[in-house]
Amino acid sequence: MKIDTNENLLVNVSVMGSVCQPNFQSLPAEPYRLDSNGSPFLLPSWGSIVHNVSVGDSAFGWEADCIHPGVSIKYPNEAGNRGLNILSCVGNDATIMSGEAKNAKGVVTGKSGRFSEQVILHFPKKIREKISINDKILIKSIGVGLKIKNFEDVFCKSLSPKLFNQMKIQNKNNKMVIPVTHIIPEHLIGAGSGLTSESGSLHIQTTDSSEMKKYKLNNLKLGNIIYIENYDSSYQHGFLRNAWAIGIIGQTNGPRAGYGPGITILMSSKKNNAKPKLDSRANIVNYIKFIK
Amino acid sequence: MISNIKTNENKLIKMSIGGYVTQPSFKNPGYIPNNDGQSVIFPGMFGVVNNVKVGDRAFGWAGDHIEPGVSIDSEQINEHFALHYLVCTGNKAIIRSGGAKGKVGIVTGEHARNLIHFDNKTLEQICVGDQIDILAHGRGLKLLDFPEIEIKKIDPNLLKSMKLKIINKKLIVDVVIELPIKIMGSGAELNSEYVDQDLMSGDRELMKKLKIDQMKLGDLIVINHADHKWGRSFKKNHVSIAICIHGDSVMTGHGPGIMTIMTGNKKYLGWNISKNANLKKILKIKI
């Protein structure tokens with residue numbers, strides 16, 4: 001059975017961000033971070049325009065620490081950036097408003113968490129060299145306030161109606177059946193727990209290689225839709241038996257303990273009212289038309 | 001050049017990072033002390049140096065710490081450090097604003113600012129403050145058959161263009177000159193991911209005797225008994241390969257700067273002297 005929403009009541013608001021720079025701590029701080037074994041590493045991290053990684057690519061294997069695929073943006077002041085972060089929804093349309101790539105169209109694919117707080121967008125690879133640091137990008141945000149008919153206990157987060165309508169979710173015996181690529185047990189959720197679920201990211205823990213194998217997490221791709229067991233992101237992120245959350249893989253794995261691939265939460269409920277259905281095609285690249 | 005040298009290039013991130021053309025700056029009253037304690041004043045650092053380029057001599061100019069070509073930086077301190085930790089020599093640079101907008105250059109090294117080469121015609125159109133984005137690519141680069149050798153801040157294409165040989169399972173890199181470890185000076189106080197280290201050119205007779213005073217900007221050099229993996233220190237039987245990136249200095253403890261690109265145990269890393277080992281030739285830089 002098809003599922004209806006209150007899509008026609010949602011407000012469409014423009015929010016702006018500028019293409020942001022990578023940042024490192026100043027001297028005398030060492031530039032190195034520590035991997036989960038305590039060894040120092042120095043690798044590219046979040047932010048900026050990433051020319052060679054896109055949604056649909058592997059979330060593992062890169063010489064990187066939680067890299068954002070495509071383009072990352074931020075608003076210069078904190079309150080405005082909070083507006084950008086909360087209102088932007090995965091699947092929203094974005095347009096470049098200045099510079100050589102002006103008028104190019106993109107799509108919101110994720111958000112990043114505490115310490116970076118950026119919105120992650122896909123733009124075609126061939127135009128990325130034309131995009132400049134500081135270029136302005138406007139998102140027509142729509143999705144905050146989204147409600148699902150007959151599932152009023154489900155909280156939608158950072159979820160555009162456009163993506164929701166393509167996720168092939170069905171109502172079977174009053175349970176939402178949601179196609180996902182992976183089911184992630186709650187004990188493998190790391191950084192992000194305890195923080196707000198209206199923006200930011202949660203990270204899968206990838207230090208224990210046997211658990212990675214057990215749950216087949218090594219083949220996670222950027223853009224995959226995943227299901228988290230016993231996890232409640234209705235208001236903030238935290239453990240709760242029988243609760244569930246759905247998210248999208250927004251950024252890659254990293255070497256730090258507790259910082260595996262990042263998840264932007266899309267839906268969550270305290271009630272036992274959803275069932276994941278494994279489907280390897282449950283990735284945003286198969287739901288929304290992307291120009292590669 | 002080794003056609004089959006194995007790297008992890010396909011795992012590296014290519015990421016944009018922006019900087020701004022700097023203005024030559026002095027601390028009042030502008031003088032610096034030379035080796036004899038005299039106050040002198042010289043141009044060379046910051047900004048656009050129109051007539052000194054990679055491939056030109058490092059000694060003999062009426063300048064101090066000359067940064068060839070265009071020097072860029074960001075006034076935001078955390079962006080400044082990102083520029084230093086992510087930008088690699090050989091990276092592509094694109095001018096984003098001003099009269100030279102859209103023109104492409106190449107990163108030739110790193111001093112207190114990132115140094116970029118542009119052709120003469122482009123230099124004339126560049127203004128202080130213009131934004132230049134660099135496609136940072138190379139951080140994390142590894143030689144898969146030489147895990148003991150650390151590579152620092154070179155574009156994978158620069159590595160492929162360098163003259164390398166493997167002899168008895170040891171990587172041999174072409175360099176112009178060997179510098180004795182005892183003349184390595186300013187920069188020892190910094191982590192080896194940041195800027196450069198000056199050779200100390202104060203002993204002018206030794207510079208002449210060892211022909212160090214003939215060094216050119218862009219020369220690949222080697223320092224024996226230098227370990228630059230986690231800092232810059234003396235360590236027997238460790239080898240560091242570097243690029244000469246800025247010109248000579250009159251200050252005690254200073255001199256031309258070298259920026260590390262490879263470091264490792266002598267068991268795995270060696271060198272061969274060749275006067276062709278200069279960035280101008282390796283990167284086929286056009287003036």
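**Setting up.** I kept to the numbering that runs from 1 along each chain as its sequence is written, with chains lettered from A and ligands numbered from 1 in the order in which they are written. Since the model is predicted, local features need pLDDT of at least 70 and side-chain atom pairs count only at pLDDT 80 or more, while totals for chains, interfaces and linings use all residues.

**Chain B as a whole.** I looked up the secondary structure and found 5 helices and 18 strands in chain B; these are DSSP runs numbered from the N terminus, helices being H or I with at least four residues and strands E with at least two. The C-alpha trace spans about 55 × 45 × 35 Å along its principal axes. How does the radius of gyration of chain B agree with a compact globule? A compact globule of 287 residues would come near 19 Å, and chain B has 18 Å, which agrees. I took the radius over C-alpha atoms, and the globule rule is 2.2 Å times the number of residues to the power 0.38.

Buried residues make up 51% of the 287 residues in chain B. Here a residue is buried if 20 or more other C-beta atoms lie within 10 Å of its own, exposed if 12 or fewer, and partly exposed in between, with C-beta atoms placed from the backbone.

**Where A meets B.** I counted 25 residues from chain B and 26 residues from chain A in the contact; two residues are in contact if their C-beta atoms, placed from the backbone, lie within 7 Å. On the side of chain B that touches chain A, β1 (14-21), α1 (77-86) and β9 (131-137) each supply at least two residues. Which of the elements gives the most? That is α1(B), with 7 residues. This side of chain B divides into 11 nonpolar, 7 polar and 7 charged residues. My classes: Ala, Val, Leu, Ile, Met, Phe, Trp, Tyr, Cys and Pro are nonpolar, Asp, Glu, Lys and Arg charged, and the others, Gly among them, polar.

**The core.** I next checked the largest nonpolar core, where A:L121 and B:I241 touch the most other members of its 158 residues. Such a core is a set of buried Ala, Val, Leu, Ile, Met, Phe, Trp, Tyr and Cys residues joined through C-beta atoms within 7 Å.

**B:F59.** I found B:F59 in the loop between β4 (48-49) and β5 (69-73) of chain B. Is B:F59 buried or partly exposed? With 17 other C-beta atoms within 10 Å, B:F59 is partly exposed. Not counting residues up to four places away in sequence, B:F59 touches B:D213, B:M215 and B:D248. The C-alpha atoms of B:F59 and B:S201 are separated by 9.6 Å, though 142 residues apart along the chain.

Most residues other than glycine have a negative phi, and most peptide bonds are trans. I noted a cis bond from A:L27 to A:P28, with omega near 10°, and another from B:N28 to B:P29, with omega near 5°. A:C66 has a positive phi of about 50° and counts as buried, with 27 C-beta neighbours inside 10 Å. B:K169 has a positive phi of about 65°, yet B:K169 is exposed, with 9 other C-beta atoms within 10 Å.
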